[in-house]
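Subject: Structure for your review

Dear colleague,

Please find the structure below, handed over for your review.

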Amino acid sequence: LVRYSIKAIDARSPHTAGHSGRVARYCVRMARALNEESQGRLGQINFSAQEIEELRMAGWLHDIGKIFIPSEVLNSVKPLTADEYEQIKSHVDLGRQHLETIMDLPPEMLAVITEHHERMDGSGYPKGLKHDELSAIGRLAGIVDSFDAMTAVRPYRAQTFSMADALQEIEDNAPEKYDVEILHAFAAMIENAVRVDSSSEEKDN
């Protein structure tokens, strides 16, 4: 099911191919990083091995609803009309409804799938949740999804964000739109990954 769904999403929107896999990997890395936190509110979050696997699957499936969006809207290189944007936004509820017909959704999966476009100030969708109405998992998913979307090549955008610029853009919108504590943990994870990659490149050279 997961493999079929991934292929279906990538086939419908080749410009975003690979996005779901990256979101899945980021979610897993964040869960493991949060498990290692020993202080602060985030230190109270602890994911079991099963919950981490559920997060992985949720990352893969979070955009499954896009298979129900017309391809000419999904792959438009022009600015979307108000109606087209509403169609894009509907992928969240369409994905949830589709998955609920074929599987039982654990809370972690449901949060990623339904809340990855919600924002702390209520400006997100589909429900306009705000502050404590958003789960910690939903806040995490929102940061991960936004970061990967910013750093990926998109046909409707003239420029792709670097990792540093994407982090800065998200930080500039915190705490209004993004959870500051989760963002700090995510930024530390990304910066550490960049340092590791840089060290590896230096050794190879």
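**Helix packing, core and loop**

Helix H2 passes helix H3 in a right-handed crossing (right-handed if the near helix is turned clockwise from the far one by less than a right angle, left-handed if anticlockwise). This is a predicted model, in which local features need pLDDT of at least 70 and side-chain atom pairs count only at pLDDT 80 or more, while totals for chains, interfaces and linings use all residues. Residues are numbered from 1 along each chain as its sequence is written, and side-chain values use heavy atoms, with hydrogens and water left out.

Helices here are DSSP runs (H or I, at least four residues), numbered from the N terminus. The axes of H2 and H3 come within 7 Å and cross at roughly 155 degrees; axes are lines fitted to C-alpha atoms over the stretch in contact, and angles run from 0 to 180 degrees between N-to-C directions. That makes H2 roughly antiparallel to H3 (over 145 degrees; under 35 is roughly parallel, 65 to 115 roughly perpendicular and the rest oblique). Contact means heavy atoms within 4.5 Å. On the H2 side, the residues that meet H3 include Val23, Ala24, Cys27 and Val28, and their partners in H3 include Ile52, Leu55 and Trp60.

H2 (residues 19-36) also packs against H8 (residues 136-151), at an angle of about 135 degrees and with the axes 10 Å apart. That makes H2 oblique to H8. The crossing of H2 and H8 is right-handed. Among the H2 residues in this contact are Tyr26, Cys27 and Met30, which lie on the side meeting H8 residues including Leu140, Val144 and Phe147.

The largest nonpolar core has 40 residues, of which Met30, Val144, Phe147 and Phe186 touch the most other members. Such a core is a set of buried Ala, Val, Leu, Ile, Met, Phe, Trp, Tyr and Cys residues joined through side-chain atoms within 4.5 Å. H2, H3, H7, H8, H9 and H10 each supply at least two residues of this core. Beyond its neighbours within four places in sequence, Phe147 is in contact with Tyr26, Met163, Ala166, Leu167, Ile170, Phe186 and Ile190.

Gly122 lies in the loop between H7 and H8. Gly122 is partly exposed, at a relative accessible area of 23% (buried is under 20%, exposed over 50%, partly exposed in between, with a 1.4 Å probe and protein chains only). Not counting residues up to four places away in sequence, Gly122 touches Gly128, Leu129 and Lys130.

Yours sincerely
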